[in-house]
Amino acid sequence: MDSTPTRQLVAGALASGLICWVFVAMLWNNYLGKYWLWPNVAITPDATRGEMS
């Protein structure tokens with residue numbers, strides 16, 4: 001069994017982190033619309049949700 005080189009492992013982790021950061025930034029700034037909020041709206045009781053802007 002070959003071991004994964006450390007350099008490849010670190011590069012993959014950094015690339016994955018960057019992609020996740022960009023995706024979350026796009027969601028946060030509403031570039032992908034507001035449809036991604038539906039799971040939170042569906043499982044949160046109305047009394048604790050408050051007003052959605």
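1. Met26 counts as partly exposed, because its relative accessibility is 31% (buried means under 20% relative accessible area, exposed over 50%, partly exposed in between, with a 1.4 Å probe and protein chains only). You will find Met26 in helix H1. Setting aside neighbours within four places in sequence, Met26 is in contact with Tyr31 and Leu32 (contact means heavy atoms within 4.5 Å).

2. A word on the ground rules, before you go further. This is a predicted model, where local features need pLDDT of at least 70 and side-chain atom pairs count only at pLDDT 80 or more, while totals for chains, interfaces and linings use all residues. Residues are numbered from 1 along each chain as its sequence is written, and side-chain values use heavy atoms, with hydrogens and water left out.

3. On to the fold: the chain has three helices and zero strands, and its elements run α-α-α from the N terminus on. Helices (H or I, at least four residues) and strands (E, at least two) are DSSP runs, numbered from the N terminus. H1 has 23 residues and reaches 33 Å from first C-alpha to last, close to the 33 Å expected at 1.5 Å a residue (the expected span is 1.5 Å times one less than the number of residues).

4. Do look at the loop between H1 and H2, where Asn30 lies. Just after H1, Asn30 takes a positive phi of about 60°, and Asn30 is a residue other than glycine. Asn30 is partly exposed, because its relative accessible area is 40%. Tyr31 is also placed in this loop, between helix H1 (6-28) and helix H2 (38-43). Tyr31 counts as exposed, because its relative accessibility is 63%.

5. For the chain as a whole, buried residues make up 2% of the 53 residues. The accessible surface comes to about 5100 Å², of which 66% belongs to carbon and sulfur atoms (Shrake-Rupley method, 1.4 Å probe).

6. Lastly, confidence: the chain averages a pLDDT of 83, and 89% of the residues score at least 70 (pLDDT is the predictor's confidence in each residue, from 0 to 100). Confidence is highest in H1, at a mean of 93, and lowest in helix H3 (residues 46-49), at 71.
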